[in-house]
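Student: I have not seen this structure before. Could we go through it step by step?

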Amino acid sequence: MDEQTFIDLINKSMQASALQIRRSLGRTPSVATREQALNQVAFLLKAKQAAQATGK
């Protein structure tokens with residue numbers, strides 16, 4: 001097994017473990033689309049600008 005394959009397998013195992021922990025805590029995984037993520041970033045930037053404009 002080469003080094004990159006080994007690293008990929010470790011990464012997959014860590015992701016599976018994280019998913020299992022989230023599920024055990026009652027949290028389902030959420031996957032945002034690129035568009036949803038961009039919309040969220042735009043919303044947060046507008047909120048930051050509004051807060052700075054009001055001096056908060």
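This is a predicted model: local features need pLDDT of at least 70, side-chain atom pairs count only at pLDDT 80 or more; totals for chains, interfaces and linings use all residues.

Student: What distance separates the end C-alpha atoms of α1?

Tutor: Start from the length of the helix: α1 has 22 residues. At 1.5 Å a residue, α1 should span 32 Å, and the model agrees with this. The end C-alpha atoms of α1 are therefore separated by 32 Å.

Student: How far does α2 reach from its first C-alpha to its last?

Tutor: The helix α2 has 20 residues. At 1.5 Å a residue, 28 Å is expected, and the model comes close to that. From first C-alpha to last, α2 reaches 29 Å.

Student: Which residue just after α1 takes a positive phi?

Tutor: Look at the backbone where α1 has ended. The phi there is about 85°. A residue following α2, Gly55, also has a positive phi, near 85°. Just after α1, the residue is Gly26.

Student: What is the radius of gyration of the chain?

Tutor: For reference, a compact globule of 56 residues would have a value near 10 Å. The C-alpha atoms here fill a box of roughly 55 × 30 × 20 Å along the principal axes. The radius of gyration of the chain is 19 Å.

Student: What percentage of the residues count as buried?

Tutor: To count as buried, a residue needs under 20% relative accessible area. The chain has about 5,400 Å² of accessible surface, and 58% of that belongs to carbon and sulfur atoms. Of the 56 residues, the share that counts as buried is 0%.

Student: Is Ile10 exposed or partly exposed, and why?

Tutor: Ile10 sits in helix α1. Its relative accessible area is 36%.

Student: What accessible area does the nonpolar patch on the surface have?

Tutor: Ile10 is one of its members, together with Met1, Phe6, Ile7, Leu9 and Met14. Met1 lies in the segment before α1 and counts as exposed because its relative accessibility is 74%. Together, the residues of the patch have about 630 Å².

Student: Which residue has its backbone oxygen 3.0 Å from a polar atom of the Thr54 side chain?

Tutor: Thr54 is placed in the segment after α2. With 56% relative accessibility, Thr54 counts as exposed. The backbone oxygen at 3.0 Å from its side chain belongs to Ala51.

Student: How far apart are the C-alpha atoms of Thr54 and Glu3?

Tutor: Along the chain, Thr54 and Glu3 are 51 residues apart. Another pair, Ile10 and Ala51, is 41 residues apart, with 43 Å between the C-alpha atoms. For Thr54 and Glu3, the separation is 53 Å.

Student: Where is Glu35 found?

Tutor: Glu35 is exposed, since its relative accessible area is 57%. Its C-alpha atom is separated by 32 Å from that of Thr5, 30 residues away along the chain. Glu35 is found in helix α2.

Note on methods:
Residues are numbered from 1 along each chain as its sequence is written. Side-chain values use heavy atoms; hydrogens and water are left out. Patches are made of residues with over 30% relative accessible area and no salt bridge: like charges are joined within 9 Å, nonpolar side chains (Val, Leu, Ile, Met, Phe, Trp, Tyr) within 5 Å. Accessible areas come from the Shrake-Rupley method with a 1.4 Å probe; for residues, only the protein chains shown count as cover. A salt bridge is a side-chain nitrogen of Lys or Arg within 4 Å of a carboxyl oxygen of Asp or Glu. Helices (H or I, at least four residues) and strands (E, at least two) are DSSP runs, numbered from the N terminus. Buried means under 20% relative accessible area, exposed over 50%, partly exposed in between (1.4 Å probe, protein chains only). A polar contact is a pair of N or O atoms within 3.5 Å; within protein, one must be able to donate a hydrogen and the other to accept it, and residues adjacent in sequence count only if both atoms are side-chain atoms. The radius of gyration is taken over C-alpha atoms; the globule rule is 2.2 Å times the number of residues to the power 0.38. The expected span of a helix is 1.5 Å times one less than its number of residues.
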